[in-house]
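Colleague: I would like to learn how to read a model of this kind, one feature at a time. Could you take me through it, giving the general idea and then the case at hand?

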Amino acid sequence: MRVQRKRGRLFVAFAPPERELLENLAAELVDLLRGRDLAGTGTRDPAVERLLPDAYRDDIEASREYRSLTESDLVDMKVENAMMLARAAGGERAVEVDDDEFVSWLRAITDLRLALATRLGIEKDDDEGDPRPEAAATRAAYWWLGALQERLIAA
């Protein structure tokens, strides 16, 4: 990935495998958010729980009421952020990122990292996550997204 600021404008370019990774991860995030429970069982996916936490941990009823009033809009915003990131990443050239898109990108990347961290068992900055070889690609995606986020903020 290449992130640079030219004449006060932010430009981001991805190599083809990076574009494909971002598009796939964003699509998976959209699917995860749209199917908030596990196959219609009423049980929420742990990654969704992390992305849409209870507002009041000590008051289940208040949290349920707050969720009923806000969750749909929050999910819509998260889905739109992920789709914006996927659309921008899908281009063949460097993408100019305006201020609104920048915020949406950072939000989508944060959501992707939270979902991946949940899958990997990462809860704190110093956690390594799932050490099994089959989790290597997920760990790599998690750390790559962190590097992307860091470069965007630095630029």
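**Reading the model**

Modeller: Let us begin with a single side chain: L148 is in contact (heavy atoms within 4.5 Å) with M1, V3, F14, L22 and I109, once its neighbours within four places in sequence are left aside. This is a predicted model, in which local features need pLDDT of at least 70 and side-chain atom pairs count only at pLDDT 80 or more, while totals for chains, interfaces and linings use all residues. Residues are numbered from 1 along each chain as its sequence is written, and side-chain values use heavy atoms, with hydrogens and water left out.

Colleague: Which residues touch the most other members of the largest nonpolar core?

Modeller: A nonpolar core is a set of buried Ala, Val, Leu, Ile, Met, Phe, Trp, Tyr and Cys residues joined through side-chain atoms within 4.5 Å, where buried means under 20% relative accessible area, exposed means over 50%, and partly exposed lies in between (1.4 Å probe, protein chains only). Here the largest such core has 42 residues, and V12, F14, L22, W105, L145, L148 and L152 touch the most other members. Two or more residues come from each of β2 (9-13), α1, α2 (46-51), α3 (60-89), β3 (95-97), α4 and α5 (136-154), and the largest share, nine residues, is that of α4.

Colleague: How many helices and strands are there, and in what order do the elements run?

Modeller: Helices (H or I, at least four residues) and strands (E, at least two) are DSSP runs, numbered from the N terminus. The protein has five helices and three strands, in the order β-β-α-α-α-β-α-α from the N terminus on.

Colleague: At what angle do the axes of α1 and α4 cross?

Modeller: Axes are lines fitted to C-alpha atoms, for helices over the stretch in contact, and angles run from 0 to 180 degrees between N-to-C directions. For α1 (residues 16-34) and α4 (residues 99-120), the axes come within 10 Å and cross at roughly 75°. The two helices are therefore roughly perpendicular, given that angles under 35 degrees count as roughly parallel, over 145 as roughly antiparallel, 65 to 115 as roughly perpendicular and the rest as oblique. On the α1 side the contact is made by L25, A26, L29 and L32, and on the α4 side by A108, D111, L112, A115, L116 and R119.

Colleague: What is the phi of R7, and where does R7 lie?

Modeller: Most residues other than glycine have a negative phi. The phi of R7, however, is near 50°, a positive value in a residue other than glycine. R7 lies in the loop between β1 (2-6) and β2, and R7 is exposed, with a relative accessible area of 79%.
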